[in-house]
Amino acid sequence: MRGGTLSSSVAAVASALAALSCCLPLGPFLLAAGSAGFAGVFLSLQPYLIAFSVLMLAVGFVQAFRARKCGRRRRALNIAVLLCSTGLVAAMLFGYVPASAPAGQPAVAAFHLDSFRQSFNAAADRTRVVVLLSPT
Amino acid sequence: MLRDLRDPNVRVFVVWEPVLVTDWHAPGAGAVGRIPDARVTQFWDSPRALSHAIRRDHIVWDYVAIYPSGMRWSDAFPAPQFSGAPVVRVIDDFRRQLITGRAAASSGGS
């Protein structure tokens, strides 16, 4: 968690610096990546942060399109960073959608303590196994 | 493990929760697909509510617990008949407890 926060903070600072630099629209890309890192820390804010990432990517695309006066090298760098950011945000979007459950199982549901308690008690006529796991 | 135990009177709740730095999203198809048994229900617990309900002082994860039939959850989360972590270390004891418990329940019910 600490690493994610640090990288997000670094991304935020770097994006601010990048925003000041001429002809290099790194700011939105780094902001997009930065908010992606924050999503790991503030899971409850994840939908908003992902939306922010997408918005920043859109701004990045617009800036990249406008930055035609830049040299070829700069443009190549812009496009490379843009593609990396797009890949990162796309991975996040796909990751945010829970995978469908295997055949025969109910859909993977968001956990709610009260409904889980009901399910747990509803199966009181059987032996129950509870497993807590990390996805990675 | 569940393949070995064909008893239909077992219900399994698999609760995925974010613990590691890399757990910034719900479990993917690879994780969920590792438990294909029809007796299983899987959840994504992003606020780690169940972990807090079991223990408040630290994160409960890589954890397995057995609750015998008849045990109900009223106020506090009930104490399990068997529990352990990490799963890889307790899997043999878990298997033994589950099979023994089911055998006792079946013979008691008949």
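Contact here means heavy atoms within 4.5 Å. In this predicted model, 42 residues of chain A are in contact with 63 residues of chain B. Local features need pLDDT of at least 70, and side-chain atom pairs count only at pLDDT 80 or more, while totals for chains, interfaces and linings use all residues. Residues are numbered from 1 along each chain as its sequence is written, chains are lettered from A in the order in which they are written, and side-chain values use heavy atoms, leaving out hydrogens and water.

**Interface**
- About 4,700 Å² is buried between chain A and chain B (accessible area, 1.4 Å probe, lost on putting the two together, summed over both).
- Carbon and sulfur atoms give 64% of that area.
- Zero salt bridges cross between the chains (Lys or Arg side-chain nitrogen within 4 Å of an Asp or Glu carboxyl oxygen).
- On the side of chain A that touches chain B, strand 2 of chain A supplies the largest share, seven residues (strands are DSSP E runs of at least two residues).

**Nonpolar cores**
- The largest nonpolar core has 24 residues (buried Ala, Val, Leu, Ile, Met, Phe, Trp, Tyr and Cys joined through side-chain atoms within 4.5 Å; buried is under 20% relative accessible area, 1.4 Å probe, protein chains only).
- A:Val129, B:Val12, B:Val14 and B:Trp16 touch the most other members.
- Another core, of 15 residues, lies apart from it and includes A:Phe116 and B:Phe43.

**B:Val12**
- Not counting residues up to four places away in sequence, B:Val12 touches A:Val129 and A:Val131, along with B:Leu2, B:Arg39, B:Val40 and B:Thr41.

Definitions and conventions:
Buried < 20%, exposed > 50% of the residue type's maximum accessible area, 1.4 Å probe, protein only. Helix = DSSP H or I, 4+ residues; strand = E, 2+ residues; numbered from the N terminus.
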